[in-house]
Amino acid sequence: GEPGKSQGSNDTENLNKPTTMTVDPVENEVYVADGYLNKRVVVIDADTGEFKRFWGAYGNVPDDDYEYGPRGADAPPAQQFRGPVHCAEPSNDGLVYVCDRTANRLQVFQQDGTFVEEVFIEPRTLGAGSTWEIAFSPDDDQRFMYLADGQNRKIHVMDRESLEVLYTFGDGGRQPGQFYGVHSIETDSQGNLYTTETWE
């Protein structure tokens, strides 16, 4: 792609302020959360950079002219990603987990963009939203999923199969064990969690 050349969420040559990317070494593909201005997931060939496929919320064709309704738990879910599309993480069993940050939802897809299911996290969250980024536990089954919730300043520990939140930890503040805009999260082979923060 080229900076400043994007023609929107259906452009097959350029991105527009992507947020994260993850490499799938098995399929040799890169999953891009695209992102802050575009509202889609893009899959790119890791060797050539060729656009292979892309999709929007629920597997829909992205529509930059979509009219969003109100936010909040009582509003009907938007049929397009509200954005920013803040993560696109492939799992070991062939699923892709996508963070739609200000919609407070995590959507699950097959690798071809077929929608599987979704879960809403802290659905009454306004501001910058609750679903910022995820990481998986290091076991082969990736039994647990850790979701960084920057607006509510905590980590949600989830059962990956059921999408149930098991517990949360952290609190707002600037001291050890507290978060202020927890932005990104990752695990290592020992199961340790690493987080980064934003805003300040």
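**Entry 1: burial and the disulfide**

A residue counts as buried when its relative accessible area is under 20%, and as exposed when that area is over 50%, with partly exposed in between. I note at the outset that the model I examined is predicted.

I applied this cut-off to Cys-87, which has 0% relative accessibility and therefore counts as buried. Cys-99 is likewise buried, its relative accessible area being 0%. I then searched the whole structure for disulfides and found 1. The partners are Cys-87 and Cys-99, with sulfur atoms 2.1 Å apart. I recorded 75 degrees about the S-S bond, and the link of Cys-87 and Cys-99 is right-handed. Because Cys-87 belongs to strand S5 and Cys-99 to strand S6, the pair ties together parts that lie 12 residues apart in sequence. In general, a disulfide is a covalent bond between the sulfur atoms of two cysteines.

**Entry 2: the nonpolar cores**

I looked next for the largest nonpolar core and found that it has 14 residues. Those with the most contacts inside this core are Tyr-97, Leu-106, Ile-134, Met-145, Met-158 and Leu-163. At least two residues of the core come from each of strand S6 (95-100), strand S7 (105-110), strand S9 (133-136) and strand S10 (144-149). S6 gives the largest share, 3 residues.

I then listed the contacts of Tyr-97, leaving aside its neighbours within four places in sequence. Among them are Cys-87, Ala-88, Leu-106, Ile-134, Phe-136, Met-145, Arg-160 and Leu-163. A second, separate core has 13 residues, including Val-43, Trp-55, Ala-57 and Ala-88.

I turned to the open spaces. The largest pocket has a volume of about 330 Å³. It is lined by 21 residues, of which Thr-22, Val-23, Pro-90, Asn-92 and Gln-142 are the closest to its centre. Strand S1 (18-24), strand S5 (85-90), S9 and strand S13 (182-187) each supply at least two residues of this lining. The largest share, 5 residues, comes from S1. By class, I recorded 8 nonpolar, 8 polar and 5 charged residues in the lining of the largest pocket.

The second largest pocket holds about 180 Å³ of space. Its lining has 15 residues, and the closest to its centre are Gly-72, Ala-75, Pro-77, Ala-103 and Phe-120. I classed the lining of the second largest pocket as 9 nonpolar, 3 polar and 3 charged residues.

**Entry 3: backbone exceptions**

Asp-34 and Gly-35 are joined by a cis peptide bond, with omega about -25 degrees. Gly-35 sits in the loop between strand S2 (29-34) and strand S3 (40-45). The peptide bond from Gly-83 to Pro-84 is also cis, and its omega is near -10 degrees. I placed Pro-84 in the loop between strand S4 (51-55) and S5.

Glu-122 has a positive phi, near 45 degrees. This residue lies in the loop between strand S8 (115-120) and S9. Is Glu-122 buried or partly exposed? At 31% relative accessibility, Glu-122 counts as partly exposed.

Gln-142 has a positive phi as well, near 50 degrees. I found Gln-142 in the loop between S9 and S10. With a relative accessible area of 8%, Gln-142 is buried. I recall that Gln-142 is also one of the residues closest to the centre of the largest pocket.

How values were computed:
Residues are numbered from 1 along each chain as its sequence is written. This is a predicted model: local features need pLDDT of at least 70, side-chain atom pairs count only at pLDDT 80 or more; totals for chains, interfaces and linings use all residues. Side-chain values use heavy atoms; hydrogens and water are left out. A nonpolar core is a set of buried Ala, Val, Leu, Ile, Met, Phe, Trp, Tyr and Cys residues joined through side-chain atoms within 4.5 Å. Buried means under 20% relative accessible area, exposed over 50%, partly exposed in between (1.4 Å probe, protein chains only). Helices (H or I, at least four residues) and strands (E, at least two) are DSSP runs, numbered from the N terminus. Contact means heavy atoms within 4.5 Å. On a 1 Å grid over the protein atoms alone, a cavity is a set of points where a 1.4 Å probe fits but cannot get out, and a pocket is an open set with protein on both sides within 12 Å along at least five of seven lines; lining residues have an atom within 4 Å of a point. Grid points are joined across faces, edges and corners, and a volume is the space filled by probe spheres set on the points. Ala, Val, Leu, Ile, Met, Phe, Trp, Tyr, Cys and Pro count as nonpolar, Asp, Glu, Lys and Arg as charged, and the others, Gly among them, as polar. A disulfide is a pair of cysteine sulfur atoms within 2.5 Å.
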